[in-house]
Amino acid sequence: MTGRLFLQAIIKFLAGVILVGLLIFLPAGSLAYENGWRLMGILFVPMFAAGIVMMVKSPDLLQKRLNVKEKQREQSLVVKLSGLMFLAGFIVAGLGYRFEWYTLPEPVSIAGAVVFLAAYALYAEVLRENAYLSRTIEVQENQKVIDTGLYGVVRHPMYSATILLFLAMPVVLGSVYALVIFMAYPMIIVKRLKNEEALLEKELDGYLAYEQKVKYRLIPFIW
């Protein structure tokens, strides 16, 4: 653990809290947006806990997760599209609260929170299984193919988890209109996934054999 890494992680965490809060509550025009607080809680409390665990047990992995600068032009576009989706989705959800657009019933929002936390648990398991995970597409020195655990079920369990996470967000916020916007995410991630697989097939020893062993990319028995 280093002071520099700790400071970098805390700054990015607080910046995320402030940014998401502004995107949700400013359009809502009120801090009384209960669903907004629900999302903030289930998003940032586990994130903070996971960050502490990584800092203590795997600071190298935390450093990789903090690196968000894509080197590939195509993947940089994917990141920008994802950011635009979040921007539009959160603002629309907040506006929906302010102008009393149709809101999903409270039990549906709570069910969305349960799905979100379950997906968070899957995401945490993926991080535990694969120490090579970074937020940019790259092949690292001495990287090996992981083919056990969730990686023995689908080739990209991290993306499977993030799809569940991100589709659950607008449900937690109670916004049907934001959900429509977030439905773009699976298409965005498929584009990223195909580009990533092309790189791994070319540069990571054993990945072609792994593709033959594990047939499904995201959803078992479907795709």
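**What stands behind the labels**

Guide: Residues 24 or more positions apart account for 78% of the contacts in the chain with a separation of 6 or more, a contact being heavy atoms within 4.5 Å. This is a predicted model, where local features need pLDDT of at least 70, side-chain atom pairs count only at pLDDT 80 or more, and totals for chains, interfaces and linings use all residues. Residues are numbered from 1 along each chain as its sequence is written, and side-chain values use heavy atoms, with hydrogens and water left out.

Visitor: How many helices and strands does the chain have?
Guide: Nine helices and zero strands. Both are DSSP runs numbered from the N terminus: helices are H or I with at least four residues, strands are E with at least two.

Visitor: What makes α1 roughly antiparallel to α2?
Guide: The axes of α1 (residues 3-28) and α2 cross at roughly 170° and come within 11 Å. Angles under 35 degrees count as roughly parallel, over 145 as roughly antiparallel, 65 to 115 as roughly perpendicular and the rest as oblique, so α1 is roughly antiparallel to α2. The axes are lines fitted to C-alpha atoms, for helices over the stretch in contact, and angles run from 0 to 180 degrees between N-to-C directions. Among the residues making the contact are Phe6, Phe13 and Phe25 of α1 and Trp37, Phe44 and Met55 of α2. By class, the contact has 16 nonpolar, three polar and no charged residues. Here Ala, Val, Leu, Ile, Met, Phe, Trp, Tyr, Cys and Pro count as nonpolar, Asp, Glu, Lys and Arg as charged, and the others, Gly among them, as polar.

Visitor: Why is Arg38 called buried?
Guide: Buried means under 20% relative accessible area, exposed over 50%, partly exposed in between, with a 1.4 Å probe and protein chains only. Arg38 has 17%, so Arg38 is buried. Arg38 is found in helix α2 (residues 34-57). Leaving out residues up to four places away in sequence, Arg38 touches Glu106, Ser109, Ile110, Ala113 and Val172.

Visitor: And why does Ser109 count as buried?
Guide: Ser109 has 0% relative accessibility, so Ser109 counts as buried.

Visitor: How do you know that the span of α6 agrees with its number of residues?
Guide: The expected span is 1.5 Å times one less than the number of residues. The 17 residues of α6 (residues 157-173) should therefore span 24 Å, and the end C-alpha atoms are 25 Å apart, which agrees. In α6, 15 of the 17 residues are buried. Tyr159 lies in α6 and counts as buried because its relative accessibility is 6%. Tyr159 touches Ile189, Arg192, Leu193, Glu196 and Leu218, not counting residues up to four places away in sequence.

Visitor: What makes Glu100 count as exposed?
Guide: Its relative accessibility is 70%, so Glu100 counts as exposed. Glu100 is in the loop between α4 (73-98) and α5, and has a positive phi of about 60° although it is not a glycine. Most residues other than glycine have a negative phi.

Visitor: Why does Phe221 count as exposed?
Guide: At 72% relative accessibility, Phe221 counts as exposed. Phe221 is in the segment after α9 (207-213), and has a positive phi of about 70° without being a glycine.
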